[in-house]
Amino acid sequence: MTGDITVLIPATPAAAWLDQAIESLLVQSYPAWNLIVVLDGDCDHNRAVLERQELRGRVKIKVLPARSGVVKALNAGLAEASTDLVARLDADDVCEPERFETQIQALTERPDLLLIGSGATVIDQHGRTIGAKPAPVGPDRIRRRLAWHNIIVHSSVIYRRQAVLDVGGYHPACRIGQDYQLWLRLAKIGPLDNIAAPLVRYRVHDGQHSRPLVDPTVTAPIRAARRRLSTVPLLGPAYADLRHLTWLSYQHLQDRRRRTALAA
C-alpha cells in the first residue's frame, strides 16, 4: 500500500454504513491515503464492501476474534500502520470531500501539532441532519476545555502515530471513552487543535460505541488522566475530581438528549 496517511476504521460484523464511509474516502480531494480496516469478527457483508475494485492495492484488512472490542481493534490498526499520520473514521460516519486536504495542510504548516480535529455535522441513521458538534479552536483553549469534557470528535481527527504510541496508545481498560482518555494524555505532551469547519458527518444511532459515559466504575482511567493534566496549584487532584464529577453529570444530560433525538 502507498499513501501519506493511513485511515483507520474499526468495524463490527455487518456494519450497516461501512459502504458510505468508504465512499466518502473515495471522493476525497486529497488522494494519497491508504486504508486499514480492523474487523471485530469477520463477515461476508464487510468483506464485500472492502473488496470493491476501487480499493484494490490501498486497503489492508485485519481480522480479530469476534467481540475483541474497539480498543483492541484500534491498537491493532495502529500497529499495522506505517505512515506518520493516521486519520480516524468510524464505520458509521462520513468524511466531507475536503477533509484530508484541509487537515493535512494544517499539520504541515504547524509541525508541533500532535492532533488536528474538526467540527461535525450530526446525522441520524437515515443521514438526515439533526444537529452539530462545534469544535473549539486553539491549543490553549482545547487544553482547558478538555479538563472538563471531550471536545474532540474521534472520527474527525488526524494524529501523529508516534505521539500516540509514545503515550501508550488506547488504554486497554477503557471499554468506552477511550478517545477522551487518549486526548487527555496527548495534551500532557503537546498541542492539540481543531478546525472549526464541520469536516465529518457524525452518525447518532442505537448501536454506536460512543454512548455517553454514565458509570463512574468504567471511567477510572479518564479520572486518572484528568488528574495528571490538571495545572491548578495545590488543589490539582481535588479540582480534577470536581471536574470529573461535573463531567459525569454532563454525560447523564447528554444521554437524555441523545435518547430524545433518536425518538424524534
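Which residue lies over the face of W33? R58 does, at 3.6 Å from the ring centre. The legends below take this and other close-ups in turn.

This is a predicted model, in which local features need pLDDT of at least 70 and side-chain atom pairs count only at pLDDT 80 or more, while totals for chains, interfaces and linings use all residues. Residues are numbered from 1 along each chain as its sequence is written, and side-chain values use heavy atoms, with hydrogens and water left out.

View 1. The protein has nine helices and nine strands. These are DSSP runs, numbered from the N terminus: helices are H or I of at least four residues, strands E of at least two. Of the 264 residues, 52% count as buried. Buried means under 20% relative accessible area, exposed over 50%, and partly exposed in between (1.4 Å probe, protein chains only).

**View 2. Helix α1 has its buried residues on the same side.** Helix α1 spans residues 18-26, and its buried residues are L18, A21, I22, S24 and L25. They cover an arc of only 155 degrees around the axis, which puts them on the same side of α1. The arc is that of the directions from the helix axis to the C-beta atoms. An α-helix has 3.6 residues a turn, so residues three or four places apart point the same way. The cover over these buried residues includes β1 (5-11), β2 (33-40), α2 (44-50), β5 (94-95) and α4 (99-109).

**View 3. Charged ends sit over two rings, those of W33 and Y202.** R58 lies over W33. The charged end of K133 sits 4.8 Å from the centre of the Y202 ring. The rule asks for NZ of Lys or CZ of Arg within 6 Å of the ring centre and within 35 degrees of the ring normal.

**View 4. E96 is a buried loop residue.** E96 lies between β5 and α4. Its relative accessible area is 16%. The side chains of E96 and R201 are joined by a polar contact of 3.1 Å. Such a contact is a pair of N or O atoms within 3.5 Å; within protein, one must be able to donate a hydrogen and the other to accept it, and residues adjacent in sequence count only if both atoms are side-chain atoms. E96 also touches Q28, P198, L199 and V200, among others (heavy atoms within 4.5 Å), leaving aside residues up to four places away in sequence.

**View 5. A14 and R67 have positive phi without being glycine.** A14 has a phi of about 55 degrees. It sits in the loop between β1 and α1 and is partly exposed, at 48% relative accessibility. For R67, phi is near 65 degrees. R67 lies in the loop between β3 (59-64) and α3 (70-80). R67 is exposed, with a relative accessible area of 81%.
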